[in-house]
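Please walk through the fold of this chain with me, keeping the sequence and the model side by side as the description moves from one region to the next.

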Amino acid sequence: MIKEELIKEIMKKKEFSQLPKKDVEIAFSHFEKRETIDEEKIKLTRNLLREVFSAFTSRKLLKPNDKEPEWILRKHLSTRERFPYYKEIYKRILNGIGKKTSIIDLGAGVNGFSYPFFNKSGFEVDYFGVESIGQLVELTNNYFKREKIKGKVIHASIFEIEKIKKIIKETKKPRVIFLLKVIDSLEMFQRDFSKKLLLEISPLANRIVVSFATESMIKRTKFRAKRKWFLEFLKENFSVLDDFEIGKEKYFVFSR
């Protein structure tokens with residue numbers, strides 16, 4: 001089969017059917033030139049996509065429902081450990097930015113359901129998420145519509161940098177960009193892409209917030225990786241405003 005047909009075959013699986021084509025293409029590029037049969041390339045690509053995205057979703061979340069925000073945040077692997085600390089986290093990372101701000105949440109997952117915590121922390125926020133998993137985009141936008149929240153999640157790939165920059169430019173200043181537990185996944189897909197992305201979007205933001213899990217969300221074991229590459233990159237290119245660890249998550253707040 002030609003590449004286009006293989007990509008379509010990979011996306012026939014329901015769990016990958018609403019991913020941006022760009023993400024699937026990047027995953028497939030890891031195995032495209034491997035000397036093996038097409039079926040094996042399809043299998044390997046699906047395994048990589050599953051490895052990257054499975055930690056950020058749940059079959060229960062992919063079904064339409066009218067569950068409370070707390071239920072959604074507690075079910076999602078990426079947000080359930082953050083849930084008890086949202087108010088404290090938002091107060092700290094938005095400290096000094098002003099009462100009104102735009103949040104651009106890249107790789108948002110279901111983090112849009114934490115919107116009430118912005119208000120509880122004393123901020124008026126226009127929220128714009130960017131998310132690859134189409135089902136989570138629909139889930140969050142339905143919630144925003146139902147609750148009349150000033151927010152929207154766009155279905156797009158973070159790897160489409162020009163599209164991401166356009167989304168950011170259309171928001172009001174001041175702007176805060178979130179990349180919460182996203183960098184590791186980007187690096188699995190394309191090494192050093194995170195550096196390129198941060199350098200491209202940082203001039204458009206008043207500050208950027210990056211976080212990393214400090215232990216496995218599934219195995220509950222501490223990560224040994226110190227991410228020296230990221231710390232050195234941060235030191236060379238940005239002013240670090242704050243860094244702290246809370247709820248098994250390490251946060252870095254910085255600006256260009």
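Predicted model: local features only at pLDDT ≥ 70, side-chain atom pairs only at ≥ 80, totals over all residues.

**From a helix pair to the sheet**

Two packed helices are described by the angle between their axes and the distance between the axes. For helix α10 (residues 193-201) and helix α11 (residues 228-237), the axes come within 11 Å and cross at roughly 25°; since angles under 35 degrees count as roughly parallel, α10 and α11 are therefore roughly parallel to each other. The crossing in which α10 passes α11 is right-handed.

Helix α10 also contains L197, which counts as buried because its relative accessibility is 0%. Leaving aside residues up to four places away in sequence, L197 touches I158, I161, L179 and L186. Between L197 and F230 there are 33 residues of separation in sequence, and their C-alpha atoms lie 13 Å apart in space.

The crossing of α2 and α3 is right-handed. On the α2 side the contact involves D23, V24, A27 and F28, which meet K41, T45, L48, L49 and F53 in α3; by class, the contact of α2 with α3 has six nonpolar, one polar and two charged residues.

The strands can now be taken together. Seven of them form an open sheet with mixed pairing, in the order β3-β2-β1-β4-β5-β7-β6. At its edges lie β3 (151-155) and β6 (239-245), each of which pairs on one side only. Averaged over the sheet, and with direction ignored, neighbouring strands are turned by 15° against each other. Strands of a sheet pair through backbone hydrogen bonds, either parallel or antiparallel.

Strand β1 (residues 100-106) and β2 run parallel and are joined by seven bridges, with I104 standing opposite F128 in β2. Five bridges join β2 to β3, and these two strands also run parallel; here F128 stands opposite K152 in β3. How much of strand β2 (residues 124-131) is buried? Six of its eight residues are buried, so strand β2 is largely enclosed by the rest of the structure.

Helix α8 (residues 161-169) lies across β1, β2, β3 and β4, and runs at about 140° to β4. Helix α5 (residues 86-93), for its part, lies across β4 (175-180), β5 (207-213), β6 and β7 (249-255), with a direction at about 165° to β6.

Methods. Residues numbered from 1 in each chain as written. Heavy atoms only, no water. Left-handed = near helix turned anticlockwise from the far one by under 90°. Helix = DSSP H or I, 4+ residues; strand = E, 2+ residues; numbered from the N terminus. Contact = heavy atoms within 4.5 Å. Nonpolar A, V, L, I, M, F, W, Y, C, P; charged D, E, K, R; others polar. Buried < 20%, exposed > 50% of the residue type's maximum accessible area, 1.4 Å probe, protein only. Pairing = 2+ DSSP bridges. Axes fitted to C-alpha atoms, helices over the stretch in contact; angles between N-to-C directions. Parallel < 35°, antiparallel > 145°, perpendicular 65-115°, else oblique.
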